[in-house]
Amino acid sequence: MMTPMRYVVLVLFVVLGLHFILTLSHPAYGNATSLSRITQGWQSSSSLFDDSRQVPDSYRSPAPKPDISRKANATIVMLARNSDLKGIRKSMKQMEDRFNKRFQYPYTFLNEEPFSDVFKESVTALTDAPVEFGLIPHDHWYQPAWIDETRASAARKAMEENKVIYGGTSPRYRNMCRFNSGFFYRHPLVEKYRYYWRVEPDVTFFCDLDYDPFLYMQDHGKVYGFTIALPEYAETIPTLWDTVKEFIKENPELVPKDNAMPFLSDDNGETYNRCHFWSNFEIADADFWRSEAYSKFFDKLDSAGGFYYERWGDAPVHSIGAALLAPRDKLHFFHDIGYRHEPFERCPLSDEYKQGKCWCGHEENFDYHWYSCLPKYDQMFG
Ligand SMILES: Nc1nc2c(ncn2[C@@H]2O[C@H](COP(=O)(O)OP(=O)(O)O)[C@@H](O)[C@H]2O)c(=O)[nH]1
Ligand SMILES: [Mg+2]
């Protein structure tokens, strides 16, 4: 029989052993639980404006002065079903209040089914800016005929059994991921624009944005802007990186030397660390997706069938595309935008928190959470 004291010692021993193994095998865990990190957390919680966990100054540029006399060729894009109306209203009202009431960028709604009159009337009532509603061409949305449905449905079944998120039986989520990866920017209503801001239902914007992020992208030659970065679920992308490596081998001339590979890979491209930008928020240059490099990249991935035989998401596909095919200084972290899409949120720090009159709290800030990939992004510039 063990005495209670021995029991306590044994449990302590197991916990410390586990901590030691995790620290060695998972750098993010080690980083998050290191003593200096933890005490830093205590110290920084004493004041909102005295947080030492700042993004490096080297890529943090100040918000431009508001200029509403000049506009970019841009639209706010929302892919939605009629049933998303409630969440769309919430997102759109905030877009208007925090930003677009002042800047008046047009909205483009896309759906593979016609939008209902109620949907159209409701969203049009929320803005003075132009609103357009587009029907997605059949072939841009539905599973292509060359996909082997027997193989695809077997893969969906296996993922459902293994409880993979969105792994389930319906191809609907997969159609959406493929459309967002390679088709939305070719829609006739979107084709006329260069820049877009992707907005999903039920998101939250916490801060006023007093400058035009599209003009920021344009004036600084940026191609992809994000707010949250995190690792993808491994079960959804078993062969994605092998396909990417094949693409690199076949098209070395399309991969610039100063790209953002260190964000994607910890071993110089051998393996994928699964870091990606969370694409439910994107402010980006659609011409980049329309370029020869990304078009070839998308076609390579699409022909591998991974959108249906696995469950490749548009987030890793866009992220790998942008990080691999653009020089790293063409990516942009929107450090002054406070944003939430369940279950994560980020909140600007210090001066930008005040400047944006933000109402998020820092307790839930994802930037330097142990699961965040932002530190890997920072390291490329720090
Ligand atoms: N038209 C249409 N939009 C969809 C469909 N499925 C998802 N979406 C949209 O695609 C985006 C991502 O879907 P969402 O359900 O938010 O996925 P999650 O953020 O990964 O949980 C949102 O803008 C949805 O409104 C669909 O079947 N049809
Ligand atoms: Mg969503």
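Predicted model: local features only at pLDDT ≥ 70, side-chain atom pairs only at ≥ 80, totals over all residues.
Local features are reported at pLDDT of at least 70 and side-chain atom pairs at pLDDT 80 or more, while totals for chains, interfaces and linings use all residues. Residues are numbered from 1 along each chain as its sequence is written, and chains are lettered from A and ligands numbered from 1 in the order in which they are written.

We may start with the sheet. Seven strands form an open sheet with mixed pairing, in the order S3-S2-S1-S4-S9-S6-S10. Strands here are DSSP runs of E with at least two residues, helices are runs of H or I with at least four, and both are numbered from the N terminus; two strands pair if DSSP finds at least two bridges between them. Strand S3 (131-135) and strand S10 (331-333) are the edge strands, each pairing on one side only. On average, neighbouring strands of this sheet are turned by 20° against each other, direction ignored (axes are lines fitted to C-alpha atoms).

Strand S4 (residues 195-198) runs antiparallel to S9 and is joined to it by four bridges, with Tyr195 opposite Asp285. S6 is also antiparallel to S9, through two bridges, and Gly225 has Ile283 as its bridge partner there. Strand S6 (residues 224-226) pairs with S10 in the parallel sense over three bridges, and Tyr224 stands opposite Leu331. Within S9, Glu282 and Ala284 point one way, Ile283 and Asp285 the other, and all are buried (20 or more other C-beta atoms within 10 Å of the residue's own, C-beta atoms being placed from the backbone; exposed means 12 or fewer, partly exposed in between).

Turning to the interior, nonpolar side chains tend to be buried together in soluble globular proteins. The largest nonpolar core has 85 residues, of which Met78 and Ala229 touch the most other members (a core is a set of buried Ala, Val, Leu, Ile, Met, Phe, Trp, Tyr and Cys residues joined through C-beta atoms within 7 Å). Helix H16 (residues 314-325) gives the most to this core, with seven residues.

Finally, Glu270 lies in the loop between helix H12 (261-264) and strand S8 (275-277). Glu270 counts as exposed because it has 9 C-beta neighbours inside 10 Å. Lys245 is 25 residues from Glu270 in sequence and 8.2 Å away in space, C-alpha to C-alpha.

How values were computed: Axes fitted to C-alpha atoms, helices over the stretch in contact; angles between N-to-C directions.
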